[in-house]
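Subject: Structure for you to look at

Hi,

Here is the structure I said I would pass on. Have a look at it first, and then read my notes below.

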Amino acid sequence: MSNGVYMVAAKRSAVVPRGGAFANLRPHELATPIVQALLQESALDTAQIDHVVLGNGLSGGGNVARMVGLAAGLPQSVPAITLDSQCCGGMDAVQMGSHMIGAGAAQTVLAGGVESYSTAPRRIARGLNGAPDQEYQRPPFAPDPTQDPDMLDAAAQLAATRRVSRAAQEDFAILSHQKAIDALARLHNEIVPIADIDSDQFTRQVSPRLCAKL
(Lines give C-alpha, C1' and ligand atoms only; values in the text may rest on other atoms or scores of the structure.)
Protein backbone atom coordinates (compact mmCIF):
# COMPACT_ATOMS: atom_id res chain seq x y z
CA MET A 1 0.00 0.00 0.00
CA SER A 2 1.35 3.42 -0.93
CA ASN A 3 1.66 6.28 1.54
CA GLY A 4 -0.63 9.28 1.30
CA VAL A 5 0.82 12.21 -0.64
CA TYR A 6 -0.07 15.84 0.07
CA MET A 7 0.97 19.17 -1.42
CA VAL A 8 1.66 21.52 1.48
CA ALA A 9 2.71 24.67 -0.41
CA ALA A 10 3.02 25.97 -3.97
CA LYS A 11 4.84 29.06 -5.25
CA ARG A 12 6.16 30.37 -8.55
CA SER A 13 7.73 33.39 -10.19
CA ALA A 14 5.89 35.63 -12.59
CA VAL A 15 6.23 34.80 -16.30
CA VAL A 16 8.07 37.51 -18.20
CA PRO A 17 9.34 37.90 -21.79
CA ARG A 18 12.76 36.65 -22.84
CA GLY A 19 15.27 39.45 -22.38
CA GLY A 20 12.97 41.15 -19.87
CA ALA A 21 13.15 41.72 -16.13
CA PHE A 22 14.78 38.34 -15.44
CA ALA A 23 17.30 38.52 -18.29
CA ASN A 24 20.36 38.47 -16.02
CA LEU A 25 19.19 35.74 -13.65
CA ARG A 26 20.41 32.18 -14.03
CA PRO A 27 17.89 29.38 -13.37
CA HIS A 28 19.15 28.75 -9.83
CA GLU A 29 18.93 32.47 -9.09
CA LEU A 30 15.32 32.52 -10.28
CA ALA A 31 14.38 29.48 -8.22
CA THR A 32 16.17 30.30 -4.97
CA PRO A 33 13.72 32.94 -3.62
CA ILE A 34 10.83 30.66 -4.56
CA VAL A 35 12.27 27.74 -2.61
CA GLN A 36 12.91 30.00 0.37
CA ALA A 37 9.32 31.29 0.23
CA LEU A 38 8.04 27.71 0.07
CA LEU A 39 10.01 26.74 3.15
CA GLN A 40 8.74 29.77 5.04
CA GLU A 41 5.10 29.24 4.09
CA SER A 42 5.14 25.53 4.91
CA ALA A 43 7.16 26.03 8.13
CA LEU A 44 9.60 23.36 6.96
CA ASP A 45 13.24 23.36 7.97
CA THR A 46 15.83 22.83 5.25
CA ALA A 47 16.89 19.60 6.97
CA GLN A 48 13.39 18.18 6.45
CA ILE A 49 13.72 18.14 2.65
CA ASP A 50 14.61 14.61 1.54
CA HIS A 51 14.97 15.24 -2.19
CA VAL A 52 14.81 17.95 -4.86
CA VAL A 53 13.36 17.11 -8.29
CA LEU A 54 13.14 19.83 -10.94
CA GLY A 55 12.31 19.84 -14.63
CA ASN A 56 14.62 21.80 -16.93
CA GLY A 57 15.23 21.60 -20.67
CA LEU A 58 17.21 24.74 -21.56
CA SER A 59 20.28 24.89 -19.33
CA GLY A 60 22.47 22.74 -21.56
CA GLY A 61 23.40 20.11 -19.01
CA GLY A 62 24.50 19.88 -15.41
CA ASN A 63 22.23 19.32 -12.43
CA VAL A 64 20.11 22.46 -12.12
CA ALA A 65 18.12 20.98 -9.24
CA ARG A 66 21.34 20.53 -7.27
CA MET A 67 22.33 24.12 -7.99
CA VAL A 68 18.94 25.33 -6.78
CA GLY A 69 19.06 23.26 -3.60
CA LEU A 70 22.50 24.51 -2.60
CA ALA A 71 21.75 28.14 -3.54
CA ALA A 72 18.57 28.02 -1.44
CA GLY A 73 20.50 26.82 1.60
CA LEU A 74 19.56 23.14 1.66
CA PRO A 75 22.15 20.85 3.26
CA GLN A 76 24.71 19.30 0.92
CA SER A 77 23.37 15.89 1.97
CA VAL A 78 20.04 16.52 0.18
CA PRO A 79 20.14 14.76 -3.22
CA ALA A 80 18.73 16.35 -6.35
CA ILE A 81 17.58 15.20 -9.79
CA THR A 82 17.04 17.29 -12.92
CA LEU A 83 14.58 15.96 -15.51
CA ASP A 84 14.56 16.93 -19.17
CA SER A 85 11.25 15.98 -20.73
CA GLN A 86 10.97 19.45 -22.28
CA CYS A 87 7.51 21.02 -21.84
CA CYS A 88 6.43 18.25 -19.43
CA GLY A 89 9.49 18.54 -17.17
CA GLY A 90 7.84 20.40 -14.27
CA MET A 91 4.80 18.12 -14.21
CA ASP A 92 6.99 15.02 -14.46
CA ALA A 93 9.09 16.29 -11.55
CA VAL A 94 5.99 16.66 -9.36
CA GLN A 95 4.85 13.20 -10.41
CA MET A 96 8.24 11.69 -9.57
CA GLY A 97 8.24 13.40 -6.18
CA SER A 98 4.77 12.01 -5.53
CA HIS A 99 5.95 8.52 -6.44
CA MET A 100 8.94 8.83 -4.09
CA ILE A 101 6.70 9.70 -1.17
CA GLY A 102 4.09 7.11 -2.09
CA ALA A 103 6.74 4.38 -2.21
CA GLY A 104 8.20 5.40 1.15
CA ALA A 105 11.51 6.53 -0.35
CA ALA A 106 11.03 10.08 0.96
CA GLN A 107 8.78 12.04 3.28
CA THR A 108 9.21 15.56 1.88
CA VAL A 109 10.17 16.37 -1.72
CA LEU A 110 10.68 19.77 -3.30
CA ALA A 111 9.44 19.41 -6.89
CA GLY A 112 8.72 21.71 -9.81
CA GLY A 113 10.39 23.25 -12.83
CA VAL A 114 12.63 26.17 -13.75
CA GLU A 115 13.62 27.64 -17.11
CA SER A 116 15.39 30.75 -18.35
CA TYR A 117 15.22 31.46 -22.08
CA SER A 118 17.28 34.61 -21.54
CA THR A 119 20.31 32.73 -20.20
CA ALA A 120 20.01 29.50 -22.20
CA PRO A 121 23.43 28.59 -23.62
CA ARG A 122 24.24 28.58 -27.30
CA ARG A 123 24.28 25.01 -28.61
CA ILE A 124 26.88 23.81 -31.09
CA ALA A 125 26.67 20.42 -32.82
CA ARG A 126 30.03 18.97 -33.71
CA GLY A 127 30.36 18.47 -37.46
CA LEU A 128 30.87 14.92 -38.69
CA ASN A 129 32.88 13.66 -41.66
CA GLY A 130 34.65 16.96 -42.04
CA ALA A 131 31.49 19.11 -41.94
CA PRO A 132 31.72 22.38 -39.97
CA ASP A 133 30.24 22.71 -36.50
CA GLN A 134 26.70 24.09 -36.56
CA GLU A 135 24.68 26.06 -34.04
CA TYR A 136 21.19 24.76 -33.28
CA GLN A 137 18.24 26.09 -31.31
CA ARG A 138 16.97 22.92 -29.68
CA PRO A 139 17.98 19.26 -29.41
CA PRO A 140 16.28 16.72 -31.67
CA PHE A 141 13.40 14.64 -30.34
CA ALA A 142 13.36 11.94 -32.99
CA PRO A 143 16.05 10.20 -35.09
CA ASP A 144 14.15 11.08 -38.27
CA PRO A 145 13.95 14.89 -38.77
CA THR A 146 10.63 14.49 -40.62
CA GLN A 147 9.14 13.10 -37.40
CA ASP A 148 10.41 16.06 -35.40
CA PRO A 149 8.52 19.16 -36.63
CA ASP A 150 8.69 22.56 -34.98
CA MET A 151 6.01 23.26 -32.40
CA LEU A 152 3.80 25.41 -34.65
CA ASP A 153 3.98 22.86 -37.46
CA ALA A 154 3.16 20.05 -35.04
CA ALA A 155 0.18 21.98 -33.67
CA ALA A 156 -1.10 22.66 -37.18
CA GLN A 157 -0.78 18.98 -38.10
CA LEU A 158 -2.60 17.91 -34.95
CA ALA A 159 -5.40 20.43 -35.55
CA ALA A 160 -5.83 19.12 -39.07
CA THR A 161 -5.86 15.49 -37.92
CA ARG A 162 -8.37 16.17 -35.14
CA ARG A 163 -10.36 18.61 -37.29
CA VAL A 164 -10.04 21.48 -34.87
CA SER A 165 -10.83 24.66 -36.78
CA ARG A 166 -8.88 27.88 -36.49
CA ALA A 167 -11.98 29.58 -35.10
CA ALA A 168 -12.23 26.97 -32.34
CA GLN A 169 -8.55 27.44 -31.48
CA GLU A 170 -8.93 31.21 -31.32
CA ASP A 171 -12.03 30.93 -29.12
CA PHE A 172 -10.06 28.67 -26.78
CA ALA A 173 -7.16 31.14 -26.65
CA ILE A 174 -9.46 34.08 -25.89
CA LEU A 175 -11.21 32.12 -23.12
CA SER A 176 -7.88 30.92 -21.70
CA HIS A 177 -6.55 34.45 -21.32
CA GLN A 178 -9.85 35.59 -19.80
CA LYS A 179 -9.69 32.80 -17.23
CA ALA A 180 -6.15 33.85 -16.35
CA ILE A 181 -7.23 37.46 -15.92
CA ASP A 182 -10.17 36.40 -13.74
CA ALA A 183 -7.82 34.36 -11.55
CA LEU A 184 -5.18 37.06 -11.05
CA ALA A 185 -6.50 38.42 -7.77
CA ARG A 186 -7.25 34.99 -6.35
CA LEU A 187 -3.88 33.48 -7.25
CA HIS A 188 -1.69 36.54 -6.76
CA ASN A 189 -0.26 35.19 -3.50
CA GLU A 190 1.31 32.23 -5.29
CA ILE A 191 3.75 34.56 -7.10
CA VAL A 192 7.02 35.35 -5.32
CA PRO A 193 8.21 38.87 -6.27
CA ILE A 194 11.55 38.83 -8.12
CA ALA A 195 13.22 41.98 -9.44
CA ASP A 196 10.09 43.87 -8.28
CA ILE A 197 7.91 41.81 -10.67
CA ASP A 198 4.90 40.16 -9.02
CA SER A 199 2.51 39.64 -11.94
CA ASP A 200 2.62 37.81 -15.27
CA GLN A 201 3.61 39.91 -18.26
CA PHE A 202 1.81 37.90 -20.94
CA THR A 203 -1.76 37.65 -19.66
CA ARG A 204 -3.93 40.21 -21.46
CA GLN A 205 -7.26 40.79 -23.12
CA VAL A 206 -7.27 38.82 -26.38
CA SER A 207 -9.81 39.64 -29.08
CA PRO A 208 -10.87 37.98 -32.34
CA ARG A 209 -9.31 40.95 -34.17
CA LEU A 210 -5.95 40.31 -32.49
CA CYS A 211 -6.13 36.57 -33.23
CA ALA A 212 -6.82 37.32 -36.89
CA LYS A 213 -3.36 38.90 -37.17
CA LEU A 214 -1.61 35.58 -36.50
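The cover over the buried residues of α1 includes α2 (64–71) and β3 (109–113). This is a predicted model, in which local features need pLDDT of at least 70, side-chain atom pairs count only at pLDDT 80 or more, and totals for chains, interfaces and linings use all residues. Residues are numbered from 1 along each chain as its sequence is written, and side-chain values use heavy atoms, with hydrogens and water left out.

Helices here are DSSP runs of H or I with at least four residues, strands are runs of E with at least two, and both are numbered from the N terminus. α1 has 16 residues and spans 23 Å from first C-alpha to last, close to the expected 22 Å (1.5 Å times one less than the number of residues).

Buried means under 20% relative accessible area, using a 1.4 Å probe and protein chains only. Among the buried residues of α1 are L30, T32, V35 and L39. T32 counts as buried because its relative accessibility is 10%. Beyond neighbours within four places in sequence, T32 is in contact (heavy atoms within 4.5 Å) with V68, A71 and A72.

Then there's I197, in the loop between α5 (166–187) and α6 (208–211). I197 is buried too, at 17% relative accessible area. Its contacts, again leaving aside neighbours within four places, are A14, V16, A21, F22 and V192. I197 and A21 sit 176 residues apart in sequence, with their C-alphas 7.6 Å apart in space.

Cheers

Key:
Buried means under 20% relative accessible area, exposed over 50%, partly exposed in between (1.4 Å probe, protein chains only).
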